[in-house]
Amino acid sequence: MLDAGAGFGWLAASCVGLPGAATARARRVIQLFTVGGMSHVDTFDFKPELVRMDGKSFDMPTFFGQAGNLYASPWKFEPRGQSGLPVSDLLPNLARCADRLTLVKSVMAKSANHMPAIAQMNTGFILTGFPSMGAWVTYGLGTENRNLPSFVVLTDPNGAPWGGSVHWSNGFLPAGVQGTPFRPAGDPVPDLATPAAVTAAEREAGLAWLNRMNRRYAAAHPGDSALEARVRSYEMAASMQLEVPGIADLATEPEHTRKAYGLDQKETESFGRSCLLARRLVERGVRFVQAYHGGSGRSWDAHGDLEGNHSSMAKGYDQPAAALIEDLAARGLLDDTLVMGITEFGRTPVAQGAGKKGRDHHPDCFTVWLAGAGLKPGFAYGASDEVGRLPGENAVTVHDLHATALHLLGIDHEKLTYYHNGIRRRLTDVHGRVIQGLLA
Amino acid sequence: MRALLVLFPSLLYGADGASIVERRCLSCHGPAVKAAGLDLTRRPADGRIARLAERVAKGEMPPAAPLPDPEKRAIEEWVKAGAEWPGVLREQRAGKDWWSLQPLRATGGGIDSWVRSKLTANGLRPSMPADRRTLIRRLSFDLTGLPPAPEEIRAFVADDSPAAYERLVDRLLASPHYGERWARHWLDVVRFAESEGFERDLLRDQAWQYRDWVVRSFNADKPYRDFAREQIAGDVMAGATRDSVVATGFLVWGPVDAVGLTSAVESQRDLVREDYLEEMVGVVAQTFLGLTVNCARCHDHKFDPIPQKDYYRFKSAFQAVWPPSDGEELFPSSRPLLTAEEDKARMARLAAIDARIAAAEAELATLQRAGWRDSFPASLPRPAARWTFDTDARDEIGSLHAKLPAGAELGGGRLKPGEGKDAVTLRTPKLTRQIREKTLEAWVWADKPEKAAQVLTIKNSSGYRGAALDAIQFTGKSKRWENQSTARFRSADGKGAEETAAGEMVQIAITYSGDDAIRIYRNGKLYSEWTPDIDNAAARLQTYTSGDAFVRLSASKGLELDEARLYDVALTAEQIAASFAAGVASRAPAASPRIAELERQIASWQAERKPAEAATTAHIASIEPAAPTRLLRRGDVTQKGEAVTPGALSCLPLSPEFGLAPDAPESERRRKLAEWVAHPANPLFARVIVNRVWHHHFGAGLVENPNDFGYNGGEPSHPELLDLLAAEFIRDGWSLKRLHRRLVLSETYRQASAWNREAAAKDAGNRLLWRYTPRRLEGEAVRDAMLRASGKINTRAGGPSFRPFEAKAQGSYQNWLQKDADDPEWHRRTLYRMNVNSALNPMLESLDCPVPAVKTPKRPSTTTALQTLSLMNDAFANRQARAFAAGAAQSSDPVREAFLLALGREPRDEEREDSRALVERHGLAALCWGLFNSSEFLYVE
C-alpha cells in the first residue's frame with residue numbers, strides 16, 4: 001500500500017511528515033562525506049603496533065596488487081578531551097571535538113573500488129539503481145519545510161564523486177524524493193530564476209492566468225487529486241523562489257561565524273561554505289543534507305603520497321567540520337541532529353608498493369565518526385585488529401550503520417519498504433542490525 | 001506520514017500471532033513439508049502450541065533466524081490469550097499452483113463483456129463514450145506519443161462515418177511514429193542506457209543501433225516471438241542476420257563496473273562479474289517471464305517456487321556473455337552474417353579508401369621528413385607517430401596531431417606548461433590502426449623534477465577492456481621512471497636509479513614485446529625490466545584499437561617534452577642505443593600548401609570510411625568460451641558448489657530440460673533458453689507482454705506490476721480477460737499491432753474519463769475500468785508536444801543520438817554535464833536524446849523519466865515543486881513557448897490558434913477574453929507559456 005506513494009498523492013503526503021515516534025532521537029541528518037577514502041589509521045584509529053612494526057613485511061591482498069611493507073602513520077596520536085579518544089595531529093580541530101564524537105572503528109564495506117563503495121555507503125548496494133539514504137528518509141518522513149527540497153546535496157568544487165547523481169538518486173522511489181544538488185555558484189537550484197527575458201509583470205500576469213485556467217480544469221475534473229496538487233505546486237514553487245536564494249546567501253552570517261567555518265581562508269573556504277550552508281538548511285527544516293569533501297578531480301585517494309595528500313585534504317576539511325559540530329551544539333541543534341562523518345573505505349596499513357609512502361584502498365575495516373542525537377558522546381565502538389587491517393571486535397557493516405541511523409530517526413529499517421520489481425526493497429537489503437552499543 | 005509508516009507494515013504483514021505463524025513457520029510446517037510431522041495451517045493440539053511458544057521464545061525456532069523480540073512477544077501474548085486460529089492459515093508465498101504458472105485457459109467473450117460483467121457484479125456501470133475530440137488526442141498520444149494536428153482533429157470530428165475511428169486507428173498504427181512511441185516503453189523495461197554507468201560512465205556510441213532495431217521491429221510488426229528470441233540469442237540462431245545480432249544488445253545494457261572487472265583482487269573481480277550476471281538474469285526473466293528469478297541467487301526464492309538451483313541453471317545460458325568493448329565486431333569469422341559477395345564489396349570499399357589514405361600519408365611523411373632520415377641510423381624503423389614540438393604539436397609521420405591547449409607553451413623546441421601552470425596535457429585524435437607490440441620513446445628536458453607525471457601515454461578510451469593504458473611515468477616520491485598501466489598488473493615498480501638530471505636532456509624508452517615483457521631504457525641503457533603474470537589476461541600485452549585508442553602527451557615543471565615517438569614494434573636494445581646515440585634530431589617540418597591539402601584529404605577520407613566501418617561493429621553481447629556454471633552457496637563467489645546442467649525453470653508447465661551437459665557450448669545454452677522462453681506452451685511469455693501493452697493503453701495493467709507475475713505481484717483484476725488476450729495474441733501470429741487494435745477498438749478504451757462519486761466510492765483506483773483513467777503525459781511526450789506546438793520539431797528518424805551534454809574532465813575521469821542549446825539536431829524527438837546515466841535533464845527527470853540503468857516497467861507520476869519550477873523556467877521550455885507564439889502570431893486569430901495547437905480545442909468564451917487581456921498587455925508568448933504550464937496540456941483524458 002505504500003506504493004500508493006508513487007502516485008498522485010505523494011506530494012501531499014510528504015508535506016505533513018514529522019517524526020513523531022517516541023523512539024526518534026534525531027529529526028534530521030547531515031552527512032560529511034570524505035570522497036576518495038580517508039585513512040582510518042592516520043586519523044581516528046591509533047595503532048601502536050603499526051608504529052612498532054613499521055617497515056616490516058606483511059602479507060595482505062590489496063586493490064592495486066602492490067602491497068608493500070607496513071607503514072606507520074606519519075602523524076602523532078594523542079588522547080583528547082575528557083574522553084581520551086585518540087585523534088591524530090592530522091585533524092586538530094576535530095580532535096578538539098573528541099568529547100562530542102562517537103567513533104565506529106570496525107566498519108566493513110563490500111567494494112574496494114570508489115564508485116561502488118560510495119554507492120554502497122549511500123544506498124546499501126554496490127550496484128546502481130537503488131535509492132540513496134536521503135531519498136529513503138525523505139520518503140519515510142517527508143519534509144518539515146515545503147518551500148525547500150527535503151534532501152539537499154552539496155558537492156565539492158573539485159567535482160562530484162565518481163558516478164555523480166546516482167549517489168543521491170531516488171532509484172525506484174518517486175522522483176520527488178531525490179537529492180537536489182545546490183550549485184556552488186549562481187542559482188542554487190536549476191530553473192529557480194525566471195528567465196531574464198521575462199519581466200516580473202509578465203510572469204505575474206501569466207501565473208494569474210494560469211491559476212484561473214488550472215483551477216477551472218481541476219474543478220471540472222473532481223476526484224483527480226493531482227490536479228489540485230498542481231495548482232498548489234505553483235504556490236510552492238513561488239515560495240521556493242523566495243526562500244532559496246536567501247538561504248544560500250552566506251554574507252548575512254556574522255563575521256565570527258564565517259571565520260569559524262574558515263570562509264576567510266583559501267583552503268577551507270569551499271568546504272566551509274558547504275558546512276555553513278548545511279547548518280542553515282537544517283535550521284530551516286531540510287531533513288537530509290549531504291556535503292561532499294573531495295570529488296573526482298581531487299580527493300583523499302592517497303595512493304602515492306599519503307602525507308602530501310592527507311595533509312592538504314585535511315586542511316580543507318578539519319576546521320569546517322569541527323565548526324559545524326560546535327555551531328550545531330551551540331544552537332542546541334546537535335541534540336536532535338545526526339551528523340555522520342563517512343567515507344567509502346579506509347586505507348591499507350601497508351604502503352602501496354615497495355618503499356612507497358602511499359596507501360591503497362581498504363574496505364575491510366575503517367572508521368566512521370558520528371555526532372549528535374541519541375549517541376554516546378566521546379565513545380568508540382568496535383575495534384580493528386592490531387594493525388588496522390580487519391575488525392578485531394564488533395564488526396559493523398554499512399547496513400548496520402544505515403539501520404542505526406534510521407533507528408535514531410525513529411524508523412524501523414525492516415519496515416521502511418517499497419515494492420519494486422518483485423521485492424519489497426529496503427535501504428538495508430535483507431541485512432542490518434541496529435548497533436545498540438553506541439546508543440545513549 | 002508517520003502514521004503511514006507505522007501503520008502500513010502492520011497492515012501488510014499483520015502483527016498478531018496467527019499472521020506471524022503464517023509468515024514465519026509455514027514454509028516448513030505447512031502441508032507440503034510438514035517438518036516434524038507438524039502442519040500449522042490448522043490449529044494443532046494445545047500441547048504442541050505450548051511447545052511452539054516455548055521454542056520460539058528460546059530462539060530455537062525458526063532454526064536459522066530467531067524471531068525479532070516484538071514478534072516473540074506477540075506470539076507469547078497470543079498463546080496466552082488462547083491462540084485463536086482464524087480458519088485455515090495460508091502460506092504467504094506462491095506454489096506451483098500459482099495462477100500465472102498455469103497453462104492459458106480457453107475463454108470466450110471479448111474485452112467489453114469481461115469488463116462489464118465485473119462492473120455489473122460490483123454494482124457499477126461503464127461511462128459514456130468519449131467525444132471525438134478527446135478520443136483523437138488520447139489515441140494519438142497513445143499510439144504515436146504526439147498530439148494530433150488541428151486539421152486532423154477537424155477532419156476526424158467532421159467525419160460521421162462509423163468506420164472513421166477504425167480508420168484513424170489503422171492510420172496511426174501505420175505511422176512511423178508508432179514505433180518510436182512504443183520503443184520508448186520497451187527501452188524502459190530493458191534499462192537501455194547509452195553509457196556504462198559507474199565511475200567512468202563511458203559512452204556507448206553504437207547503442208543507437210539497438211534502439212533503431214526496436215523502432216523498426218515495432219513498425220514492421222515483427223512477431224513478438226522473434227522479437228524476443230533475437231534479443232536473447234540473435235547471434236547464435238539459425239538464420240542470424242545483422243539485425244538479429246544487434247538485438248543482443250538487450251543483454252548488455254546493464255551498468256558495467258569496468259574498474260571492478262579489472263581489479264587486482266580475484267574475489268573482487270568475481271563479485272563484480274557475478275553481480276553483473278545476476279542483473280542479466282534479472283532482466284531476461286523479468287522482461288519475458290515477469291518472474292524475479294534473480295532473487296534466487298543466494299537462496300530459494302522467498303515467494304515464488306524457484307529453487308536456488310534453477311537460478312544457476314538459468315544463468316548457465318549467460319555464463320559467457322560479457323559487455324562489449326564499444327564497437328564489438330559484428331562479423332568475426334565465426335559469425336558469417338554477410339554473404340561472401342557483400343563482405344567482398346564492403347572490404348573493397350574500405351580497401352579503396354585505405355589505399356588512398358596510405359598513399360597520401362606516405363607522400364605526407366616524405367614531405368615532412370625530408371632530411372630526417374640522415375640523422376637517424378638506418379637500423380631504426382620508421383615510427384608510427386612522432387611529435388617534435390618545434391613549431392606545434394603535430395604528428396610528423398601520421399595523422400595523430402595534437403592541439404596546444406590554453407596554458408601550454410612551446411619554447412626551445414619543447415612543450416612546457418605556461419606561466420602559473422604545473423602541467424599541461426595534450427590528447428591526439430584516435431588511432432587509425434591497431435597497435436599491439438610497441439615502443440614509447442620520449443626525450444625529456446629534466447630539471448630536478450619533483451612531481452609525478454605521465455609523459456607519454458597510449459590508452460584505449462572505451463569498453464571495460466578500455467582499462468588498457470601504458471605510459472612512461474615519472475614518480476614524484478621515488479623519483480624514478482616506471483611503466484604505468486591502469487590495469488595495474490603491468491605496472492612495474494621502478495627499480496632503476498633515482499633521476500638526478502638537473503637541466504639536461506634524457507631519453508626514456510619503454511618497449512612492450514610479444515612475450516609480454518616490458519623493458520625500460522634510460523639514455524640508451526636498460527633501466528629496469530619486468531615480466532607480468534601471464535596467467536592474468538589483463539596483465540598481458542594489450543591491444544590498442546583503431547578508432548578508439550589515443551595518445552596523451554604531457555609536460556610539467558621540471559619535465560619538458562622535447563620529442564615523443566610511438567613505434568608499432570618493440571625496438572631491440574641495440575636499436576634503442578642507436579637512437580640515443582643519434583641524439584635528438586629535430587627538424588622543422590617543411591610547411592607547404594601540399595601538406596595542408598594532403599591533411600585535409602586524409603581527414604575527409606577517414607570520415608568517408610566511417611559508414612562502412614560502422615557497419616561492422618555494434619554494441620552487442622560479447623561472447624567468450626563458456627565454463628560450466630557452478631552453484632554458489634549463499635550466492636557467494638568464494639563458495640563454489642556443484643556444476644549444474646543448463647536448463648530453465650521447473651515451475652512452469654513445460655520441461656525445463658535442455659538435454660545439455662554442464663560444459664555444453666554457450667551458443668547451445670542460449671539458443672535453447674530462447675526457445676524455451678518463447679515457447680507457445682510457456683503461459684507467462686504471452687501473458688506478460690499482453691499485460692504490458694494493456695498497462696500503457698489503460699494506465700494500469702490487468703496485473704498491476706508488469707515485471708512481477710509472482711506472489712508479490714498479486715492477482716489479475718480480470719484473469720479470464722488476460723488469458724483471452726494472450727490466446728488471441730498467439731493465434732494472431734504474435735502480432736502486437738493486432739493486439740493494439742483489439743484494445744483501442746474496445747468500448748472500454750473509448751469511454752469517457754469523467755469522474756463519478758458513487759463509482760469512486762466503490763473503486764477509487766478504477767481497477768474495474770468504470771471510466772478511462774486520465775493520465776499525465778510522460779516527460780518525453782511533454783517535450784515532444786512542446787516541439788510540435790512550437791513547430792520546431794525535427795522528425796528525422798533513426799541514427800546516432802543527439803548529445804545534449806558536454807564532457808567535463810575531472811582529474812583522470814570525466815563527467816557528462818547536461819547542457820542546452822538552440823540546435824535543430826536537438827529538436828529531434830526525445831527518444832533520440834543520448835540517454836546517459838550521468839547527464840540527466842532536470843526537466844525530464846522531474847517529469848519522472850527514469851534513470852537509464854534502472855529497469856522501469858511502470859513509471860510513477862509525481863507532482864513536485866521542482867517539476868513546476870522546470871516547466872516555468874526551463875530554458876528549453878521558454879524558448880519553445882516563444883517560437884510557439886511566433887508561429888501562432890501568423891494566424892488571423894492567434895489566441896484560437898494557440899489553444900488549438902496546445903490543447904486541441906478552441907478557447908471557451910471566458911478563456912478567450914481572459915487570454916486576450918493577457919496577450920494585449922504581455923504578448924502572445926505569455927499565453928503560450930501559460931498553455932505549456934496548463935494541466936490540460938499535460939494531461940490526457
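Seven residues of domain 1 of chain A are in contact with six residues of domain 2 of chain A. On the domain 1 side, the touching residues comprise three nonpolar, one polar and three charged. The model is predicted. In the domain assignment, domain 1 of chain A is made of residues 2-6, 19-188 and 254-438. Domain 2 of chain A covers residues 195-247. The C-alpha centres of these two domains are 38 Å apart.

Chain A as a whole contains eleven helices and 18 strands. Its C-alpha trace spans about 80 × 50 × 40 Å along the principal axes. The radius of gyration of chain A is 23 Å. A compact globule of 440 residues would have a value near 22 Å, so the two agree. Of the 440 residues of chain A, 63% are buried. Contacts across the sequence were also counted. Among contacts in chain A with a separation of 6 or more, 74% join residues 24 or more positions apart.

Chain A also meets chain B. Here 95 residues of chain A are in contact with 83 residues of chain B. Several helices of chain A each supply at least two residues to the side that touches chain B. They are helix 1 (10-15), helix 4 (114-123), helix 5 (133-141), helix 6 (200-220) and helix 7 (225-247). Helix 6 of chain A gives the largest share, ten residues. By class, this side of chain A has 50 nonpolar, 35 polar and ten charged residues. For the complex, the predictor gives an ipTM of 0.74 and a pTM of 0.74.

The average pLDDT of chain B is 86, and 90% of its residues score at least 70. Two stretches fall below 50. In residues 1-14 of chain B the pLDDT is below 50, and this stretch has 27 contacts in the model beyond near neighbours in sequence. Residues 584-590 of chain B also have a pLDDT below 50, with 20 such contacts beyond near neighbours in sequence.

Helix 6 of chain B runs over residues 132-144. At 1.5 Å a residue, its 13 residues should span 18 Å. The end C-alpha atoms are 17 Å apart, which agrees. This helix of chain B is mostly covered, with ten of its 13 residues buried. Among the buried residues are B:Leu135, B:Ile136, B:Leu139, B:Phe141 and B:Leu143. B:Arg137, B:Arg138 and B:Asp142 are buried as well. After helix 6 of chain B comes B:Gly145, with a positive phi near 75 degrees.

The loop between helix 3 (46-58) and helix 4 (69-80) of chain B holds B:Pro62. A cis peptide bond joins B:Met61 to B:Pro62, with omega about -10 degrees. B:Asp516 lies between strand 11 (502-512) and strand 12 (518-522) of chain B, in the loop. B:Asp516 is not a glycine, yet its phi is positive, about 75 degrees. With 16 other C-beta atoms within 10 Å, B:Asp516 is partly exposed. B:Trp734 sits in the loop between helix 22 (719-731) and helix 23 (736-744) of chain B. B:Trp734 is not a glycine either, and has a positive phi of about 60 degrees. The cut-off for a buried residue is 20 or more other C-beta atoms within 10 Å. B:Trp734 has 22, so B:Trp734 is buried.

Methods
Residues numbered from 1 in each chain as written. Chains lettered and ligands numbered in written order. Predicted model: local features only at pLDDT ≥ 70, side-chain atom pairs only at ≥ 80, totals over all residues. Domains from an automatic or database assignment. Nonpolar A, V, L, I, M, F, W, Y, C, P; charged D, E, K, R; others polar. Helix = DSSP H or I, 4+ residues; strand = E, 2+ residues; numbered from the N terminus. pLDDT = per-residue confidence, 0-100. Rg over C-alpha atoms; globule rule 2.2 N^0.38 Å. Buried ≥ 20, exposed ≤ 12 C-beta atoms within 10 Å, placed from the backbone. Expected span 1.5 Å × (residues − 1).
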